[in-house]
Amino acid sequence: GHGAICLCGTERKLVMAEIFGRATGINGGRGGSMHINDLEFRNMGFNGIQGSTVVTALGTAFASVYNHTDDVTALFMGDGTLGEGTCHESMNMAATWKLPIIYCLLNNQYAISTHYTESHPQKQLATWADGYEVPNEVVDGNDIEAVIEAVERAAMRARNGEGPTLLEFMTYRWQGHFSGDPAAYRPDGELEAWQEKCPLRRCRTLLKETHSCSEQELQAIEERAEAEIREAVQFALESPWPDPKSALEHVYASYTVEDWK
């Protein structure tokens with residue numbers, strides 16, 4: 001998710017340039033939308049193989065234990081990914097070794113066009129972790145405060161040496177899986193019902209009613225965010241494409257590729 005990447009600290013315009021495949025992107029345009037990573041801000045990136053990051057996360061989590069640090073690995077996955085066998089292998093090892101991992105399961109109801117209840121026997125996917133004696137929790141993924149509090153509890157467990165936690169964040173995908181997907185598989189009224197639970201709208205209400213934020217303050221925040229997005233898009237559009245001559249850079253380690261010409 002691009003939002004999680006930005007929250008890690010990577011400069012927004014560098015993320016946008018990477019999504020556009022431009023040379024100024026955080027990965028020089030090589031990662032694109034799906035494979036953005038930024039080691040400076042401890043974002044290990046994603047992988048094109050479905051479910052692969054549940055395995056690679058074991059490495060960073062084990063490093064935390066081995067180096068005696070308080071670092072916790074947060075792993076983002078979807079309800080569709082849970083059907084991969086690697087999820088079972090990963091959680092079994094994480095539970096056995098009590099690795100500091102937070103499995104952030106974003107249940108947005110659909111794996112492409114298949115509703116999660118059609119591919120999993122559990123009514124709540126969080127209970128899937130019971131087989132590995134891994135604590136789990138179902139969280140309202142559209143409630144920002146609830147999400148923060150759940151992650152804090154899981155991080156505390158991890159840092160206390162109690163091992164992994166699986167958090168199932170219930171949310172919804174408003175659009176289709178891709179730009180050409182009309183999402184006709186959704187029943188009438190489902191989208192509208194979830195739109196009433198919009199996390200941004202709920203957060204706005206919370207800030208006004210509980211934290212004494214004025215409408216003017218919230219409007220100013222929204223305008224700054226819009227300006228930042230426009231600036232990032234403009235930066236990406238004006239950035240150059242990667243030089244074709246650099247295509248073989250970062251492909252081989254300590255190896256010179258001969259010029260075929």
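Me: Thanks! Which residue does K208 form a salt bridge with?

Reply: K208 pairs with E215, and their closest N and O atoms are 3.0 Å apart. A salt bridge here is a side-chain nitrogen of Lys or Arg within 4 Å of a carboxyl oxygen of Asp or Glu. Shared partners join R204, K208, E215 and E222 into one network of salt bridges. Before we go on: this is a predicted model, where local features need pLDDT of at least 70 and side-chain atom pairs count only at pLDDT 80 or more, while totals for chains, interfaces and linings use all residues. Residues are numbered from 1 along each chain as its sequence is written, and side-chain values use heavy atoms, with hydrogens and water left out.

Me: And how far apart are R204 and E215, N to O?

Reply: Their side chains meet in a salt bridge at 2.6 Å, N to O. R204 sits in helix α7 (residues 199–209) and E215 in helix α8 (residues 215–238), so this pair ties together parts eleven residues apart in sequence. Helices (H or I, at least four residues) and strands (E, at least two) are DSSP runs, numbered from the N terminus.

Me: Is E215 buried, exposed or partly exposed?

Reply: E215 is partly exposed, at 32% relative accessibility. Buried means under 20% relative accessible area, exposed over 50%, and partly exposed in between (1.4 Å probe, protein chains only). K208 is partly exposed too, at 40%, and R204 is partly exposed at 24%.

Me: How many salt bridges are there in the whole structure?

Reply: A search finds ten. One of them joins R42 and D71, with the closest N and O atoms 2.6 Å apart. That pair links distant parts of the chain, 29 residues apart: R42 is in the loop between α2 (12–19) and α3 (53–66), and D71 in the loop between α3 and β1 (73–78). R42 is exposed at 58%, whereas D71 is partly exposed at 29%.

Me: New topic: how many residues does the largest nonpolar core have?

Reply: It has 23, and L75, M77, M91, I101, Y103 and L166 have the most contacts inside it. A nonpolar core is a set of buried Ala, Val, Leu, Ile, Met, Phe, Trp, Tyr and Cys residues joined through side-chain atoms within 4.5 Å. At least two residues of this core come from each of α3, β1, α4 (85–97), β2 (101–107) and β6 (165–170).

Me: What is L75 in contact with?

Reply: Leaving aside neighbours within four places in sequence, L75 is in contact (heavy atoms within 4.5 Å) with T53, V54, A57, I101, I102, Y103 and C104. C104 belongs to a second, separate core of eight residues, which also includes A150, A155 and F169.
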